[in-house]
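Let's take a walk through how the parts of this structure are arranged and how they touch one another. Have the model open beside you as you read.

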Amino acid sequence: METVVQRFKRVVGGVDHWSLRLVEERAQRLAVRQGTLEPIENQWNSGAHITVVKGTGMGYAATSDLSQAGLVEALRRAVDWAQATASLSLLPPDELARPQRSGSYRSPVRRTWDSMSLTAKLGLLHEAAPRLKRSDAIVDWQASLYFRATQAILVTPECEIEQQFEFLIPGLEAVANRAVETQRRSFGYDNGVQAGLEYLDEIGFCDQAERVGEEALELLDAPNCPAGTFDLLLLPEQMMLQIHESIGHPLELDRILGDERNYAGTSFVTLDMFGHYQYGSELLNVSFDPSNRRQLASYGFDDEGTPAEREFVIKQGILLRPLGGATSQRRAGMAGVANARACQWNRPAIDRMANLNLEPRDSSIAELIGSIERGVLMDTNRSWSIDDSRNKFQFGCEYARFIEDGELKGVLRNPNYRGISANFWRGLSAVGDASTVKCMGTPTCGKGEPNQAIHVGHASPACVFANVDVFGSTG
Amino acid sequence: MTLREHFFSLSQEAMARSMAGEVLLCGLRSEDSNYVRLNQNRVRQAGHVRQLEFSLQAIMGRRHASAQCMFCGELKTDRERLLELLSELRAQRDILEEDPYLLYATEVSSSERIASEAPLDAPSAITAITEAAEGLDLVGFFASSLIYRGFANSLDQRNWFERPSFVFDWSCYAHRDKAVKSRYAGVQWDPEAMQRKMQAARQDLALLQRPPRKIRPGNYRAYLAPTAVAELLAITAWGGFSLKSQRTRQSPLIKLADGLKVLDPRVQMVENYEQGVAPGFTSAGFIKPPAVPLISAGRLRSSLVSARSSQEYGIAVNAEHESPESLDLAPGHLSAADVLARLDTGLYINNLWYCNFSDRNDWRITGMTRFACFWVEGGEVKQPVEVMRFDDSLYLLLGERLLGLTEERDFILDGSTYHQHSAASMRLPGVLVEDLNLTL
């Protein structure tokens, strides 16, 4: 990659500012479905993203051609766009963020992906997969591992930032069926981390398979989730989605500034709310935290080169700051966080939520359950839908348990709940302690035009919400 | 050297090195795109993306290994990377077990489809757009692309697809979340056509200035414009028409497949490759049929079958990924001019948003209204409505509650650009229904 940087520096010129973001990526997905190895997905992806400022215009070009001729051509394309839009630009060029210092970052990996042979990794999947099939009612089952290693260099005339990431996402799923009733239970797809293969031992990957298979079968025989107003206990596997959709997206500053109104949507949050708006109950503390290196979206610098630091976005329920990178912060005249990120070399950086975590309090899981007279526990998201202002939502989960008089009762199937963000978080009535926290995340948060799917992380304890509209299937 | 020549030259290099008994499949997914996003009728980000994703599958008997690799377009560099890739895949293949579901085309069928239209001048188009939208709060996305797909195998099959296209997808905002959503897409850019659509958006904005009506949860007669119908069918396509999904009992259409439910007999859906804009061949070298009837007279007729499912379930290949690329819902007899009169009193829904299954087993979908949706009374548009959540089963909406399908249909090019610019499309009528269930 250093060769490409030198090659680029030889050809760049005639512009007021430039940046080069080089990305090289290797990914592999292994899966065993119903005892048969699925085709292995091997991917190598590399390219350059060039941004230039010329006069009052800005343009970018991304190319997989890293030869000198390819870089010259990309540079020409970027300059052409800068010139063509100079009189049409939304932002003055001095609002475009520029890195202030060099640095580096590396994921914490103890056992690298390549330290285990392919045969051994496939052996692990062959060991896990059959444990999902607990009976003939399991009609489809699969165990998988996804690995991705990314090396990214951001270079400007003043700075050079190098970051190396390694991601691991395990996956288990079992599909149970009887007649026209089908239930799916899964584990791992929302448990992605920056870590090596040591993570599989930590989570007991193979041992989880039996639980997943058993719970899929339990769901087949379970009664439908009742409809009514209940206290709702959400485990971290669903809290991550709740945080993501109804805190993360509405606080993204580019949405508030209107960039996403044509696609991902706007936000019920407006600039004048920061500093005083009561987003949730005073139990609600939410941090932007890129410093926990195990989490999926940790990094040292964002893709505009801003050093990433932990910041509270909500404290004791009060909204403090938006999720906006340096460029958006200048547009809004407001402090934000280092979250301008691009999903790949072929896309420009936009505001993304990265790691957005709900801080634990002091209740054990037993205390949370014990505090509920009549309620429902829900686990693992399976359906998500929210309006374009991020207010009216409806979410569904894979698995639920009824809670009565402070005790866990039977399993429920098809659990759903709905609410309005602006009210829902004010109903946060109890927050679990550190023992209930799990680091969750998803690799496929979608946003942006052109579209970008990117990884985000959410650590959360289990939480209780009062008086929620809960319901099951009506079919 | 053109990209076509580059791809076939590289493929030939690989084929020339194939071992005795070895079959190689080469593929290309490439784009040369201009992407511009706008906010407040100004340019937020403008740029160009060029990417060449080469795929290689090395097969020996029932063992195989494959990879996708980003190439640069320079022959010497790509040749070296290709040969390195071939060597790596052979090493991987040697340690893998036999694959009982491996299937690739062995009947040679070459094809070439190159659209002759010249790519449009993107910067001029952006200038024309901002001029036409002068004074409007326009936010949107413009993409003009040359999309390339290639296939070659060591059995001497060669397929090539090359097509320019553009999508300009935009919203003009009246206030907060109230906007007129528009789209102009096609192959040949016509500034006057864009201006006409912009003018129509200006006129519709006037309606959005009226105070919005707050709707109570309940059941409403509703007209779903083709763009709203597209959202319902896009979520249905998450496994709905897939053979594998149906055989593993995960399809939302299971009750239809089992004959326990039927739709209104006017509902006919076809995967209409012939009328679509997607390549006519798959990555395993199979040629897609002109059309695959999916739902006929309200009953499930057939499914989309990938090469792998074909081998697993013994049904002929007719698709790449078992998700529609050219979905066609047959028109009905309701004239667009009569929609408001037939709706009489209820909701005119132009756009739905963020649909998902609330009960997959019952093809029940929830989602939100978005952009310009209106309250209609006595066949007259009265005012915009506050966004509302619906939660309803398509077994009902396309079954006993279906009142009519429009004679006119919209051809909706998929503007999706995740990873690369999509080549999918839908051709859909509007749908008039009774008792759409609004919940929040």
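## Domains and a helix pair

In chain B, the centres of domain 1 and domain 2, taken over C-alpha atoms, are 25 Å from each other. Keep in mind as you look that this is a predicted model. Domain 1 of chain B covers residues 3–208, and domain 2 of chain B covers 218–438.

Where do these two domains of chain B meet? On one side, 38 residues of domain 1 of chain B take part, in contact with 28 residues of domain 2 of chain B. Two or more residues on the domain 1 side come from each of β1 (22–39), β2 (42–60), β4 (111–114), β5 (137–153), β6 (158–175), β7 (178–186) and α4 (191–208) of chain B. The top contributor to that side is β6(B), with seven residues. By class, the domain 1 side in chain B holds 16 nonpolar, 12 polar and 10 charged residues.

Now turn to chain A, which is assigned domain 1 (2–221) and domain 2 (228–471). Here the C-alpha centres of the two domains are 22 Å apart. The contact involves 37 residues of domain 1 of chain A and 37 residues of domain 2 of chain A. The elements that each give two or more residues to the domain 1 side are β1 (17–33), β3 (41–54), β4 (57–63), β5 (103–106), β7 (160–178), β8 (181–187), β9 (193–194) and α5 (205–221) of chain A. That side of domain 1 of chain A is made up of 18 nonpolar, 12 polar and seven charged residues.

| Domain pair | Distance between C-alpha centres |
|---|---|
| Domain 1 and domain 2 of chain A | 22 Å |
| Domain 1 and domain 2 of chain B | 25 Å |

There is also a helix pair to look at in chain A. Two packed helices are described by the angle between their axes and by the distance between those axes. Helix α1 (residues 2–11) of chain A packs against helix α2 (residues 68–84) of chain A at an angle of about 50 degrees, and their axes are 10 Å apart. Because of that angle, α1(A) counts as oblique to α2(A). The crossing of α1(A) past α2(A) is right-handed.

Which residues bring these helices together? From α1(A) come Arg7(A), Phe8(A) and Val11(A), and they meet Gln68(A), Leu71(A), Val72(A) and Leu75(A) of α2(A). Sorted by class, this contact of α1(A) with α2(A) has five nonpolar residues, one polar and one charged.

Key:
Residues numbered from 1 in each chain as written. Chains lettered and ligands numbered in written order. Predicted model: local features only at pLDDT ≥ 70, side-chain atom pairs only at ≥ 80, totals over all residues. Domains from an automatic or database assignment. Contact = placed C-beta atoms within 7 Å. Helix = DSSP H or I, 4+ residues; strand = E, 2+ residues; numbered from the N terminus. Nonpolar A, V, L, I, M, F, W, Y, C, P; charged D, E, K, R; others polar. Axes fitted to C-alpha atoms, helices over the stretch in contact; angles between N-to-C directions. Parallel < 35°, antiparallel > 145°, perpendicular 65-115°, else oblique. Left-handed = near helix turned anticlockwise from the far one by under 90°.
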